[in-house]
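Dear colleague,

I am handing over the structure that we spoke about, and I would be grateful if you could look through it with the notes that come after it.

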Amino acid sequence: MANVIFTSDLVESARRSLRNGEAIFDALVIVGGYHFEMGKHEFTQWRDVVTCEVPGGLKQADRDHILKEAYVRMRDRAYELARAASTRGVPQTTLTGPLNAFMRIDRSNMRSAQVEGEHGFSSAAVVTASATALQAPVEALLSDLNAYIGLDRVKADVNELVNSLRVDQLRRNEGLAVPVRSRHMVFYGNPGTGKTTVARLVAKVYEALGFLSKGHLVATDRAGLIGQYLGQTAPKVKEVVESALGGVLFIDEAYSLTPPNSHDLYGQEAIQQLILLMEQHRDDLVVIVAGYQDEMVRFLDSNPGLRSRFTKKLLFEDYTPEQMVRIFAKICSDEEYSFDAGAEAELLNVFRVAYGRRDKTFGNARFVRNCFEKATANLASRIVNTSARSRSALMTITEADVPGTMEEPGEQKRFFPDLGTYLASKGQSQKTACIYPTFEITHIAVVGPGQYCTTQNATLADGREYCGTFDFGDDILQQILTRMPDEDRDAVESDLHEDLDGVRTIPLPQAVNVGIAARLGQPQISLHEEFIPLVIIEVFG
């Protein structure tokens, strides 16, 4: 069967380059990719076949270094070629199988050493070829970044970072000293400003330039790092860090590990273990901590080891009203909607009001998404009661559809005292479960990968109303979903999978009435105050 990524035309051109002594390293990558796609996946078998393609062969002293470098570069080149093939109309299903094989190449086991060889393979030739092989993926990533709306300061900082990494790599390949730099970063900014998205891109950049072996992103927060009891936190942090090795560990709301005016032993244990593991894995791990600017300054000041390790700081500014209109337009394009001039003017007015009243809880792009969802709901209500159901009518958001009043940051909200804090103050033990035979779930909040919560108010014997936060994981989520009607469950599962990392609240089409058992969790801090969640351990009824 013919190759679909490293095609015969491509490999014949590469073979001519090898015969003529031109662009030798790049030609080796292409010829090697051809044989890999033909089934020569195991390195030693692949190496023997590719060596035969080089006129005059290669001496043993040079061969392994050069071919290991070519072997790992095939992965990046396969990605480029597959993307180009897709734009030419090659079906994605045809590319998936061979591309997945290339993606399984283990870069961490194939690090190249400096090469000084014969047969035209000088160190300069390999350096030049390596830079050429890496240029395209990095440029594609930067192009993606520069296409984002807003984030001008972030774009400039990331481009500066990439330039430093490129020069460090070139110096290393030439045998020059490379300055010791901390690669860990702090992302300052309000919600919805793209911090997780940029963190994922940074992981891919580090991987493309050879500073990380995998380039994946593991996102977590306080709940993902803190154990239920003293002594359980360090192993939990170690488990999360080990899952992120080779990539980026992204800790959102990292300041919650160091609540103000608190001697939080759990948070201190997590930070101490994190610093230890960052040092142990400094060559193949990048940690990015994120949160509000003032709170993150407090977080860095909480331990001397933090500030010295997190030296690179990026500020994610709030989107302007004009940028929010562009984001709205992007969402419309992605979802096959449009809006007319009247709607655009009204949107700009809504966003200006929201921007002028914003505080640090302002949702930015998430606020725009909420506005879009409300507008499309209004459109649906308008269309269903008319006979105008043309394709254009189904797609076009009008001025009448734009929500004129939405809950904005800065509005007065009613806050109730925390239920968990009250129960703890009355001597409720963490080992004793609270049983709620009648518990109504009206919404599910996604607070992290595999981590959810819901809230419920309760009036207790003292006559006061309290708000309880009930945390749960994937196992409890599935128990809740199985108690929903099929149509409701499908809708909620679709919402959950739409954005696996996004923090958001999903209203349920119908309330789910169940019984639950829950235990007190560890103290946490929200934007308003410290609270103690109740962790659901069982669902019944």
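Predicted model: local features only at pLDDT ≥ 70, side-chain atom pairs only at ≥ 80, totals over all residues.

Residues are numbered from 1 along each chain as its sequence is written, and side-chain values use heavy atoms, with hydrogens and water left out.

**The sheet**

Helices (H or I, at least four residues) and strands (E, at least two) are taken as DSSP runs and numbered from the N terminus. Two strands are said to pair if DSSP finds at least two bridges between them. On that basis, five strands make up an open sheet with parallel pairing, in the order E2-E3-E4-E1-E5. Its edges are strand E2 (217–220) and strand E5 (312–316), each of which pairs on one side only. Neighbouring strands of the sheet are turned by 20° against each other on average, with direction ignored; angles here run from 0 to 180 degrees between N-to-C directions, and axes are lines fitted to C-alpha atoms, for helices over the stretch in contact.

Strand E1 (residues 185–189) pairs in the parallel sense with strand E4 (residues 286–291) over four bridges, and with E5, also in the parallel sense, over five bridges. Within these pairings, Phe187 stands opposite Ala290 in E4, whereas Tyr188 has Gly291 as its bridge partner in E4 and Leu315 as its bridge partner in E5.

How many of the five residues of E1 are buried? Five of the five are, so E1 is largely enclosed by the rest of the structure, where buried means under 20% relative accessible area, exposed means over 50%, and partly exposed lies in between (1.4 Å probe, protein chains only). In a regular strand the side chains alternate between the two faces of the sheet. Both faces of E1 are covered, with Met185, Phe187 and Gly189 buried on one side and Val186 and Tyr188 buried on the other.

Contact is taken to mean heavy atoms within 4.5 Å. Helix H7 (residues 152–173) lies across E1 and E5, and runs at about 155° to E5. Helix H8 (residues 195–208) packs on the sheet as well, touching E1, E2, strand E3 (248–252), E4 and E5, and its direction makes about 155° with that of E1.

The axes of helix H14 (residues 321–334) and helix H16 (residues 365–384) come within 10 Å and cross at roughly 55°. That makes H14 oblique to H16, given that angles under 35 degrees count as roughly parallel, over 145 as roughly antiparallel, 65 to 115 as roughly perpendicular and the rest as oblique. The crossing of H14 and H16 is right-handed; a crossing is called right-handed if the near helix is turned clockwise from the far one by less than a right angle, and left-handed if anticlockwise. Among the residues that meet here are Ile327, Ile331 and Cys332 in H14 and Val368, Cys371 and Phe372 in H16.

The axes of H14 and helix H15 (residues 341–356) come within 8 Å and cross at roughly 130°, which means that H14 is oblique to H15. This crossing of H14 and H15 is right-handed, and the residues in contact include Pro321, Val325 and Phe328 in H14 and Leu347, Phe351 and Tyr355 in H15.

**Salt bridges**

A salt bridge is counted when a side-chain nitrogen of Lys or Arg is within 4 Å of a carboxyl oxygen of Asp or Glu, and by this rule the count comes to 15. One of them joins the side chains of Arg166 and Glu139 (2.7 Å, N to O). Because Arg166 lies in helix H7 and Glu139 in helix H6 (residues 123–146), the pair ties together parts that are 27 residues apart in sequence. Glu139 counts as partly exposed, at 34% relative accessibility.

Asp301 forms a salt bridge with Arg307, with the closest N and O atoms 2.8 Å apart; Asp301 is exposed at 52% relative accessible area, while Arg307 is partly exposed at 34%. Salt bridges that share partners also join Glu279, Arg282 and Arg309 into one network. Within it, the closest N and O atoms of Arg282 and Glu279 are 2.9 Å apart.

With best regards
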